[in-house]
Amino acid sequence: MVNSVRGLPLDVIDSIIDWCIIKHPNSRDVHLFTEYADEVQAKSIRQSDVLSFLPYGKQSDPKYIGGYEVLLHDIEEAAVGFSPKALALGIEPPKGIVLVGVPGTGKTMAAQAMGRILGLRVVVMNMSSVFGKYLGDSEGRILKALKQIENFGRCVLFIDEADKSMGGGNDSNDSGTNQRV
């Protein structure tokens, strides 16, 4: 329950609790709370032009993804690093991986499956939406998105279209925006 409201202001968390009590006064089902909290998180994230949110229940099932068996098996093994026992022992969980490939090879589905395996929500940062037409707009968008992700807590962050937006080109018409982002 705590993870599902992480990053939300206290008054919003309070309203989620109130909603659950009013709508389901006799229920002890935690899923009602987490599902509604995920809806609120999705609305909060949608306010960003750059981010979208994929709650746990809507993530791809690993058994339906072909060609990623070895990677997903490694993710299952790495999931031990997120356990309370591993954290208590000071074992650092994995920080991230990079999936590179041509479009249509299942990278997005693999990222969603990672969220499901790790029991984490998936936040998608669409890099093609970062760049704005005004000077400083792009940097502001990326800073706002990174702050939201930081407040969100543990999640799988999938950076979509990263290769297209940060190709490393030396375009003199962008006033250095690519480098700053």
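Helices (H or I, at least four residues) and strands (E, at least two) are DSSP runs, numbered from the N terminus. This is a predicted model, in which local features need pLDDT of at least 70, side-chain atom pairs count only at pLDDT 80 or more, and totals for chains, interfaces and linings use all residues. Residues are numbered from 1 along each chain as its sequence is written, and side-chain values use heavy atoms, with hydrogens and water left out.

**View 1. The protein chain with its helices and strands.** Nine helices and three strands make up the elements of the protein chain. From the N terminus, their order is α-α-α-β-α-α-α-β-α-β-α-α. The chain has 181 residues, and 33% of them are buried. Buried means under 20% relative accessible area, exposed over 50%, and partly exposed in between (1.4 Å probe, protein chains only). Contact means heavy atoms within 4.5 Å. Among contacts with a separation of 6 or more, 73% join residues 24 or more positions apart.

View 2. Two strands pair if DSSP finds at least two bridges between them. Strand 1 and strand 2 (residues 121-126) run antiparallel and are joined by four bridges. Leu 54 stands opposite Val 122 in strand 2.

View 3. Axes are lines fitted to C-alpha atoms, for helices over the stretch in contact, and angles run from 0 to 180 degrees between N-to-C directions.

**View 4. Helix 4 packed with helix 6.** Helix 4 (residues 69-78) meets helix 6 (residues 107-118) at an angle of about 25°, with the axes 9 Å apart. The two helices are therefore roughly parallel to each other. Angles under 35 degrees count as roughly parallel, over 145 as roughly antiparallel, 65 to 115 as roughly perpendicular and the rest as oblique. From helix 4, the contact takes in Leu 71, Leu 72, Ile 75 and Glu 76. From helix 6 come Ala 110, Ala 113, Met 114, Ile 117 and Leu 118. Eight of the contact residues are nonpolar, none is polar and one is charged. Here Ala, Val, Leu, Ile, Met, Phe, Trp, Tyr, Cys and Pro count as nonpolar, Asp, Glu, Lys and Arg as charged, and the others, Gly among them, as polar.

View 5. Lys 107 belongs to helix 6. Its relative accessibility is 17%, so Lys 107 counts as buried. Beyond its neighbours within four places in sequence, Lys 107 contacts Tyr 68, Leu 99, Val 100, Gly 101, Val 102 and Phe 158. Gln 112 also lies in helix 6. With a relative accessible area of 18%, Gln 112 is buried. Residues up to four places away in sequence aside, Gln 112 touches Leu 54, Lys 58, Gln 59, Ser 60 and Val 122.

**View 6. Leu 146 and Met 125.** Leu 146 sits in helix 7. Leu 146 is partly exposed, at 42% relative accessible area. Leu 146 and Met 125 are 21 residues apart in sequence. From C-alpha to C-alpha, Leu 146 and Met 125 are 9.4 Å apart in space.
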